[in-house]
Amino acid sequence: MKQTVYRGVEYQEALRVVRAQRYERAERRQFTNGASAKAVFGSGVYLVSNPVVAAQYAICHAETIGDKAAVLQQQVALPGLFCLDERFGENELRSEALRHRHGADELARRAAGLAHEEWLEWTGDEVRVYLLACGYRGIRYWISPELTYYVCYEPDAQIEDISLLSVLEV
């Protein structure tokens, strides 16, 4: 089973991705406007179900290098994705992953020694390691009827048919 999803990037990257039919980088990135793409579930390709949300990400990416923005459309394979929703979300998954891999004392020491952004980055990597060890290939995170996030830990095997949906002047 597959789902049509979207990702926002700068235009030149979009051209390379469509030509290669694969992504060049994972999500973690700082933008010039102060925003950042946080990989709260670890390194992977982050996609969304809503092209308008993807366009917002695209604009942030484009502003970083002074390029046009682009929204890419693709198909993502759904089998093997861990499902999150309003009943079991990001915080519950993070807690489960950390408890599985670390003791309470170790977690308290790490939390005290890391800045908030560093903590999010470390815990995201821990979530990724945990899910892969449990046999999952990524995440499907239902936020609302209008928005679902997808995280692909094996993007080359999970994403196909990448095409340029739209180009936006920034």
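Helices here are DSSP runs of H or I of at least four residues, numbered from the N terminus. The model is predicted.

**View 1**
In an α-helix, with 3.6 residues a turn, residues three or four places apart point the same way. Glu106 is partly exposed, at 26% relative accessible area. Arg110 is also partly exposed, at 33%.

**View 1. Asp85, Glu86 and Arg87 form one salt-bridge network.**
The three residues are joined by salt bridges that share partners. One of the contacts is between the side chains of Arg87 and Glu86, at 3.6 Å from N to O. Arg87 counts as exposed, with 64% relative accessibility. Glu86 is exposed too, at 57%. The count of salt bridges in the model comes to 9.

**View 2. Arg16 pairs with Glu24.**
The two side chains form a salt bridge. Their closest N and O atoms are 2.5 Å apart. Arg16 is partly exposed, at 35% relative accessible area. Glu24 is partly exposed as well, at 42%.

**View 3. Helix H1 has a buried side.**
Tyr11, Glu13, Ala14 and Val17 are buried in H1. These residues cover an arc of only 150 degrees around the axis, which puts them on the same side of H1. What do the buried residues of H1 pack against? Their partners are strand S1 (2–10), strand S5 (69–77) and S9.

**View 4. Gln21 follows H1 with a positive phi.**
Gln21 lies in the loop between helix H1 (11–20) and strand S2 (29–30). Its phi is near 55 degrees, a positive value in a residue other than glycine. Gln21 is partly exposed, with a relative accessible area of 34%.

Helix H3 covers residues 90–101, a run of 12 residues. At 1.5 Å a residue, H3 should span 16 Å. Its end C-alpha atoms are 17 Å apart, which agrees.

Ser95 is partly exposed, with a relative accessible area of 33%. The C-alpha atoms of Ser95 and Val127 are separated by 9.0 Å. Along the chain, Ser95 and Val127 are 32 residues apart.

**View 5. Asp161 has a positive phi in strand S9.**
Asp161 is not a glycine, yet its phi is positive, at about 55 degrees. The residue has its place in strand S9. Is Asp161 buried, partly exposed or exposed? At 48% relative accessibility, Asp161 counts as partly exposed.

**View 6. Leu15, Leu164 and Val167 form a nonpolar surface patch.**
Together the three residues have about 200 Å² of accessible area. Val167 is found in strand S9 (residues 159–168). Val167 counts as partly exposed, at 38% relative accessibility.

Notes:
Residues numbered from 1 in each chain as written. Predicted model: local features only at pLDDT ≥ 70, side-chain atom pairs only at ≥ 80, totals over all residues. Heavy atoms only, no water. Patch = residues over 30% accessible without salt bridge, like charges linked within 9 Å, V, L, I, M, F, W, Y side chains within 5 Å. Areas by Shrake-Rupley, 256 points an atom, 1.4 Å probe, with all protein chains shown as cover. Salt bridge = Lys/Arg side-chain N within 4 Å of Asp/Glu carboxyl O. Helix = DSSP H or I, 4+ residues; strand = E, 2+ residues; numbered from the N terminus. Buried < 20%, exposed > 50% of the residue type's maximum accessible area, 1.4 Å probe, protein only. Expected span 1.5 Å × (residues − 1). Arc of directions from axis to C-beta. Contact = heavy atoms within 4.5 Å.
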